[in-house]
Amino acid sequence: MGDDRDDLDLDRALDSVGPRLRALRKRRGTTLAELSAATGISVSTLSRLESGARRPTLELLLPLARAHGVSLDELVDAPPTGDPRIHLRPVTRHGMTMLPLSRRAGGIQAYKLIIPPRSPRRVPDLKTHEGYEWLYVLDGRLRVLLGEHDLILSPGEAAEFDTRVPHWFGAVGDEPVEFLSLFGQQGERAHLRARPKATSAG
């Protein structure tokens, strides 16, 4: 009986996604064509999602949540629990496991990402989209292709870049790589204050 109720709640939540997607897009003053360019989802699919003719899937909701600067919970209107802890719900997409670390609408979104060594991402497929990203490697080694650059980042190393530059990242060797990602949809940069001020020699 409980399973039936859960299915009903899920159906209700998914049915309400279309109007919410349209409201978020209108609030940001974004056209379907602009949203399509930012997410890689076709205009016709976006239109059918907003009208309720297309049932939303995780593959579609993840890039849309990113584009609108909201969490998946907000997109499907999951009820707030009153608990300040962030309950991590890992999501696997394109051979990566993503754990959202923030629920703040808009601004910079934080994720922990894990890429296994034998991920489908082994073959580089460079992408571009609006935004700015900052990566910090926790464990393993991360290969980052960025424009004409081919970099290997080790634990403790970081990279930041404009995501309009063609980019791709994946695991190096036989170990998984774990890293943090801070992503700003509107091109916000992460302001790092740990770097000491340069002193002039003189």
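User: Which residues of α2 are buried?

Analyst: In this predicted model, the buried residues of α2 are Val17, Gly18, Leu21, Leu24 and Arg25. Buried means under 20% relative accessible area, exposed over 50%, and partly exposed in between (1.4 Å probe, protein chains only). Helices (H or I, at least four residues) and strands (E, at least two) are DSSP runs, numbered from the N terminus.

User: Where do they fall around the helix axis?

Analyst: Viewed down the axis of α2, the buried residues lie within an arc of 130°, so they line one face of the helix. The arc is that of the directions from the helix axis to the C-beta atoms.

User: And which exposed residues does the face turned away carry?

Analyst: That face of α2 carries the exposed residues Pro19, Lys26 and Arg27.

User: What should the 12 residues of α2 span?

Analyst: At 1.5 Å a residue they should span 16 Å, and the end C-alpha atoms of α2 are 17 Å apart, which agrees. The expected span is 1.5 Å times one less than the number of residues in the helix.

User: Which cut-offs and numbering apply to the model?

Analyst: Residues are numbered from 1 along each chain as its sequence is written, and side-chain values use heavy atoms, with hydrogens and water left out. As this is a predicted model, local features need pLDDT of at least 70 and side-chain atom pairs count only at pLDDT 80 or more, while totals for chains, interfaces and linings use all residues.

User: At what angle do α2 and α4 cross?

Analyst: The axes of α2 (residues 17–28) and α4 (residues 43–51) cross at roughly 115° and come within 6 Å. Axes are lines fitted to C-alpha atoms, for helices over the stretch in contact, and angles run from 0 to 180 degrees between N-to-C directions.

User: Which residues meet there?

Analyst: Gly18, Pro19, Leu21, Arg22 and Arg25 of α2 meet Leu49, Glu50 and Ser51 of α4; contact means heavy atoms within 4.5 Å.

User: Turning to the sheets, what is the order of the 3 strands in the open sheet?

Analyst: The order is β6-β5-β8, with antiparallel pairing. Two strands pair if DSSP finds at least two bridges between them. β6 (149–153) and β8 (167–171) are at the edges with a single partner strand each, so one side of each has no neighbour in the sheet.

User: How many bridges join β5 to β6?

Analyst: There are 5 bridges between β5 (residues 142–146) and β6. Arg143 has Ile152 in β6 as its bridge partner.
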